[in-house]
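Please look at the sequence and the structure below, and keep both in view while reading the paragraphs that follow.

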Amino acid sequence: MSDLAVLVVGAGRAGMVHARNFAAGVPGSHLVGIADPATDVAERAAAELGCQAFVDPVAAVTDDRVDAVVIASPTFSHADLAVAALAAGKHVLSEKPLAASLADAHRIEAALGAARCVFMMAFMRRFDRGFRRARELIDQGAVGEPLYIRSTTRGPGLPPPWAWDVERSGGLIAEVNSHDIDTVRWLSGQEFARVRAIGRAAKRPEIAASHPGFVDVLALQASLDRGGLAHIDGACPADYGYDARAEVYGTEGVLFVGDPAEGPLVVTKQQVRRDPVAGWARLFQDAYRAEDRHFIAACRGDAPAEPGLRDGLRALEVVIAVNRSLREDRDVSLGEVR
Ligand SMILES: NC(=O)c1ccc[n+]([C@@H]2O[C@H](COP(=O)([O-])OP(=O)(O)OC[C@H]3O[C@@H](n4cnc5c(N)ncnc54)[C@H](O)[C@@H]3O)[C@@H](O)[C@H]2O)c1
């Protein structure tokens with residue numbers, strides 16, 4: 001099979017991480033283009049990456065020269081792009097969350113059902129060395145049967161303004177805690193059954209005034225379908241750095257993964273210190289590379305297309321249930337949103 005021609009859609013924060021990986025070289029592929037409706041953004045990115053700039057994203061994902069598409073545009077645009085790409089026979093790696101609504105997610109599901117293409121979700125924590133090792137140890141029975149899973153994500157800065165709009169993007173839960181939702185499912189091997197969330201716009205109340213439902217700190221408790229319990233918490237902007245951690249308590253012990261500090265430990269008479277992790281792109285840089293390599297291997301039939309559409313759909317259902325719990329101040333069962 002010849003090299004797959006990859007197009008990245010969205011030349012923003014996540015898109016440029018993927019695009020730079022493909023420009024640097026992902027075995028079995030080459031970067032053919034970058035698409036962004038902001039002409040100056042597309043042209044600047046293409047000049048840096050040494051590929052073609054496209055300013056019409058739908059025309060780009062259906063272009064004859066493209067074999068595989070990485071969707072890294074704002075969440076509300078994922079479904080139209082994924083459906084167009086799949087209908088044109090292109091493999092798709094979609095950034096999380098899968099889509100902004102279940103109706104959009106089901107459109108993608110139908111398009112995938114009618115296509116002979118690979119569809120992968122970009123839950124990059126599944127490609128991180130530490131998180132992978134945690135999953136291996138759990139599979140080996142190191143902590144026994146998982147009874148309780150806790151997952152935390154805090155980011156140093158706010159996501160882009162389009163992500164503050166809960167209706168169009170799913171808000172903090174979709175933007176930040178999608179990863180925790182996938183982590184809980186992946187590490188426990190269980191599905192969410194019921195959620196109860198509380199949240200506040202504690203640091204940025206002015207955003208909540210213009211964006212109803214916006215929260216910048218969140219606490220979520222959940223019951224899982226085979227008896228597991230889970231907690232997820234999220235915050236943005238947390239200012240101190242990027243913090244992605246999980247804990248799995250099981251019948252035989254407990255496992256911790258993730259570290260909000262990096263680099264050497266410095267000890268002087270006055271202080272003991274390490275540096276905080278600066279951001280997600282740095283913390284998960286190797287995971288993104290492994291994810292992009294895995295996507296191409298899956299397109300070539302050399303690896304399973306996992307995490308897949310079902311993982312994106314299950315996570316989106318939880319996002320919707322959590323936002324409903326916040327809005328209506330009550331427990332929400334997943335059965336209500338499916
Ligand atoms: N895996 C992760 O950890 C991670 C991290 C950040 C973002 N993301 C996801 O990546 C996606 C993009 O987020 P971001 O933070 O990079 O956003 P961003 O705002 O930084 O960049 C989005 C880019 O898409 C362009 N765009 C706008 N409308 C478009 C359309 N209809 N089609 C194509 N491009 C369009 C914008 O001009 C912008 O350049 C989101 O779904 C987000 O949730 C994932």
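How far apart do the C-alpha centres of domain 1 and domain 2 lie? In this predicted model, the protein chain is divided into domain 1 (4-117) and domain 2 (128-283 + 315-337), and their C-alpha centres lie 26 Å apart.

We can turn next to the sheets, beginning with a general point. Strands of a sheet pair through backbone hydrogen bonds, and they do this either parallel or antiparallel. As an example of the pairing, strand E2 (residues 29-35) and E3 are joined in the parallel sense over 3 bridges, and Gly-33 has Gln-52 in E3 as its bridge partner.

Another open sheet has 7 strands in the order E12-E11-E7-E10-E9-E8-E15, and here the pairing is mixed. Its edge strands are strand E12 (254-257) and strand E15 (332-333), each of which pairs on one side only. Within this sheet, strand E8 (residues 192-200) and strand E9 (residues 217-224) run antiparallel and are joined by 8 bridges, and the bridge partner of Ala-197 in E9 is Leu-220. Helix H6 (residues 129-139) packs on the sheet by touching strand E7 (146-154), strand E11 (243-250) and E12, with its direction at about 165° to that of E12. Helix H12 also packs on the sheet, but H12 touches E8, E9 and E15, and its direction makes about 50° with that of E8.

Helices pack against one another as well. The axes of H5 and helix H12 (residues 309-328) come within 10 Å and cross at roughly 170°, and H5 and H12 are therefore roughly antiparallel to each other. In this contact, Leu-102, Ala-105, Ile-108, Glu-109 and Leu-112 of H5 meet Leu-309, Leu-313, Leu-316, Glu-317 and Ile-320 of H12, a set with 8 nonpolar, no polar and 2 charged residues. Helix H4 (residues 78-87) and helix H5 (residues 102-113), by contrast, pack at an angle of about 5° with their axes 9 Å apart, which makes H4 roughly parallel to H5. The residues of H4 that meet H5 include Val-83 and Leu-86, while Ile-108 and Leu-112 are among those on the H5 side.

Which residues are closest to the ligand? Of the 24 residues that surround the ligand, the closest are Gly-10, Gly-12, Ala-14, Ser-73 and Ser-77. The largest share of this shell, 3 residues, comes from helix H1 (residues 13-24), and the shell draws at least three residues from each of domain 1 and domain 2. By class, the shell around the ligand has 13 nonpolar, 6 polar and 5 charged residues.

Definitions and conventions. Residues are numbered from 1 along each chain as its sequence is written. This is a predicted model: local features need pLDDT of at least 70, side-chain atom pairs count only at pLDDT 80 or more; totals for chains, interfaces and linings use all residues. A residue is near a molecule or strand if its C-beta atom, placed from the backbone, lies within 6 Å of it. Helices (H or I, at least four residues) and strands (E, at least two) are DSSP runs, numbered from the N terminus. Ala, Val, Leu, Ile, Met, Phe, Trp, Tyr, Cys and Pro count as nonpolar, Asp, Glu, Lys and Arg as charged, and the others, Gly among them, as polar. Domain bounds come from an automatic or database domain assignment. Axes are lines fitted to C-alpha atoms, for helices over the stretch in contact, and angles run from 0 to 180 degrees between N-to-C directions. Angles under 35 degrees count as roughly parallel, over 145 as roughly antiparallel, 65 to 115 as roughly perpendicular and the rest as oblique. Two residues are in contact if their C-beta atoms, placed from the backbone, lie within 7 Å. Two strands pair if DSSP finds at least two bridges between them.
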